[in-house]
Structure formats: C-alpha cells, structure tokens
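Before the dialogue starts, a request: keep the model open beside the text and find each feature as it comes up.

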Amino acid sequence: MTVHEEHDHDHDHGTEHGHPHAPIETTEKPGYYDIMEQAFQELMIEKGYIGADEIRHQIEVLDSRNPALGAKVVARAWTDQDFKSRLLENGRTACEELGITFYDLTELIVLENTPKVHNLIVCTLCSCYPRPVLGLPPDWYKAKPYRARAVYEPRKVLVEFGTIIPDDVEVRVSDSTAIQRYLVLPMRPPGTEGYSEEQLAALVTRDAMIGVIPVNSPTEGIAA
C-alpha cells in the first residue's frame, strides 16, 4: 500500500549519518504480538511441530543478513541498467541473481527515488521489513511513533533524520505487509563517476534503503 504525501512543510537531513537529531522514542513494553509470538513458539516446541535447533538455525540465518547485501544490490543497479530494470520489475528474482536467497515467501518491491519522487518505507502494523536484504530492522523502525507519524507527517519525520525534501518533490510512503516488503533504490550521488561496484556499495547505508536519508556524495563534507 502506498500513501502519497502532499503537505507543505519546512524542513532539515541524515542516520548512520553523523548528524544529530531528536531520537524517536523506542522504549516499549512487550506488546500483545510479542507475547503471543513467544507463547506460540513454546507451544510448537512442546507439541513437537518444530524443534529448538530449527529455531536456532533460523535465527542464525537472520543474523547472517545485513545491509551490505542491500548495498550490493543498489550498487549493481546503479552500474547495470538491464539489472536495474529487472530489479524494478521483480525485486526478489533480481536479488537472487546476486546469490541473495529468500527464506520466506515474501515479495520484494523496489522503489526508485528520482529528482521528483522520494520514497519512504514503514510498517504501520508491526515491523515488516526486507530482512533477507537488510537484516534486522532498527529499533526506531519498530517504534509506534515512527510507524504512525511516517504516514501522516512524513516530511517532519524526515527532518528529524536531517533530510530535507524540497516542496516540489513528492513523498511516497509505502506500508509493508506480511507478504509484501519494500526496498528503496536511492539516487546515485554525484561525484561517483568511475567508481567500482564495491566503492559504490560502501556509500550505501541501511537508512538510505529505508528512505529516511539520501546517499551522500563522497566529496560532501570535504573542505575546498
């Protein structure tokens, strides 16, 4: 589900980004679904439907995933137009071309940022997230303030990450579901002509692939 945001606000940019901003509150007691998840897991083990070793293996698989996988995908899309087309058509199968396996039945939709459109990802229900390519979501992504405010005041949320979106750029908020996940393909920054895929991937952060910050130019912050 995609929500189009068209409010007029003044703004500021950045996350893994070195720019200070007011933290989004993340302190929460275990919720209903957290408690139910634990109870269900214990019941399945007790009934013999799944073993503790299998659960541990799945946790190890999750732990092996990290934003470097997504950054690899972004870098390839920046350097290979044919791959980019396949990625935007079917994110999952394109990622599998790079050896990135999917351990569930989720669909991956890749959303391209352009000079006229900025994409932001959220899960308003819980914390659905493209884990096969990004690993575990950050705490703020799971927090209720982000999940709610990203929909009704996305520009203000982006300001808290240091990201200013011009008024003539449309902000699109996409709401993840249990079977449909999103990954942002950020714009390639200037000053990266001639960069290898590895060099480009090193510029791509987790937060850029969620949509809360852009990918900065490698020359940004360097004194003249």
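## Reading the features in turn

Q: Is lysine 116 buried or exposed?
A: Exposed means over 50% relative accessible area. Lysine 116 has 52% relative accessibility, so it counts as exposed. The model is a predicted one.

Q: Which side chain does lysine 116 meet in a salt bridge?
A: A salt bridge needs a side-chain nitrogen of Lys or Arg within 4 Å of a carboxyl oxygen of Asp or Glu. Here the partner of lysine 116 is aspartate 168, at 3.7 Å from N to O. The pair links distant parts of the chain, 52 residues apart. Aspartate 168 sits in the loop between α9 (154–160) and β4 (170–175), and lysine 116 in the loop between β2 (107–112) and β3 (117–122). Aspartate 168 also counts as exposed, because its relative accessibility is 53%.

Q: How many salt bridges does the structure hold?
A: There are eleven. One of them joins glutamate 197 to arginine 76, with 2.8 Å between the closest N and O atoms. This pair, too, links distant parts of the chain: glutamate 197 belongs to helix α10 (residues 197–201) and arginine 76 to helix α3 (residues 67–79), 121 residues apart.

Q: Are aspartate 207 and arginine 206 buried or exposed?
A: Both are buried. They form a salt bridge with each other, and their closest N and O atoms are 2.7 Å apart.

Q: Which residues are linked in a network of salt bridges?
A: The network is made up of Arg149, Glu153, Lys156 and Glu160.

Q: How much space lies in the second largest pocket?
A: The volume is about 320 Å³. Of its 21 lining residues, those closest to the centre are Thr114, His118, Ile165, Met187 and Pro214. Sorted by class, the lining has twelve nonpolar, seven polar and two charged residues.

Q: Where does proline 214 lie in the chain?
A: Proline 214 is found in the segment after α11 (206–210). With a relative accessible area of 34%, it is partly exposed. Proline 214 and valine 204 are ten residues apart along the chain, and their C-alpha atoms are separated by 8.8 Å.

Q: How far apart in space are threonine 205 and valine 215?
A: Sequence separation and C-alpha distance are read side by side. For threonine 205 and valine 215 the values are ten residues in sequence and 7.2 Å in space. Threonine 205 is placed in the loop between α10 and α11. Buried means under 20% relative accessible area. Threonine 205 has 19% relative accessibility and so counts as buried.

Q: Is alanine 94 buried or exposed?
A: Alanine 94 is buried, because its relative accessible area is 0%. The residue lies in helix α5 (residues 91–97). Between alanine 94 and leucine 108 there are 9.7 Å from C-alpha to C-alpha, at 14 residues apart in sequence.

Q: What do the totals for the protein say, starting with how many helices and strands it has?
A: The protein has eleven helices and five strands. It has 224 residues, and 42% of them count as buried.

Note on methods
Residues are numbered from 1 along each chain as its sequence is written. This is a predicted model: local features need pLDDT of at least 70, side-chain atom pairs count only at pLDDT 80 or more; totals for chains, interfaces and linings use all residues. Side-chain values use heavy atoms; hydrogens and water are left out. On a 1 Å grid over the protein atoms alone, a cavity is a set of points where a 1.4 Å probe fits but cannot get out, and a pocket is an open set with protein on both sides within 12 Å along at least five of seven lines; lining residues have an atom within 4 Å of a point. Grid points are joined across faces, edges and corners, and a volume is the space filled by probe spheres set on the points. Ala, Val, Leu, Ile, Met, Phe, Trp, Tyr, Cys and Pro count as nonpolar, Asp, Glu, Lys and Arg as charged, and the others, Gly among them, as polar. Helices (H or I, at least four residues) and strands (E, at least two) are DSSP runs, numbered from the N terminus. Buried means under 20% relative accessible area, exposed over 50%, partly exposed in between (1.4 Å probe, protein chains only).
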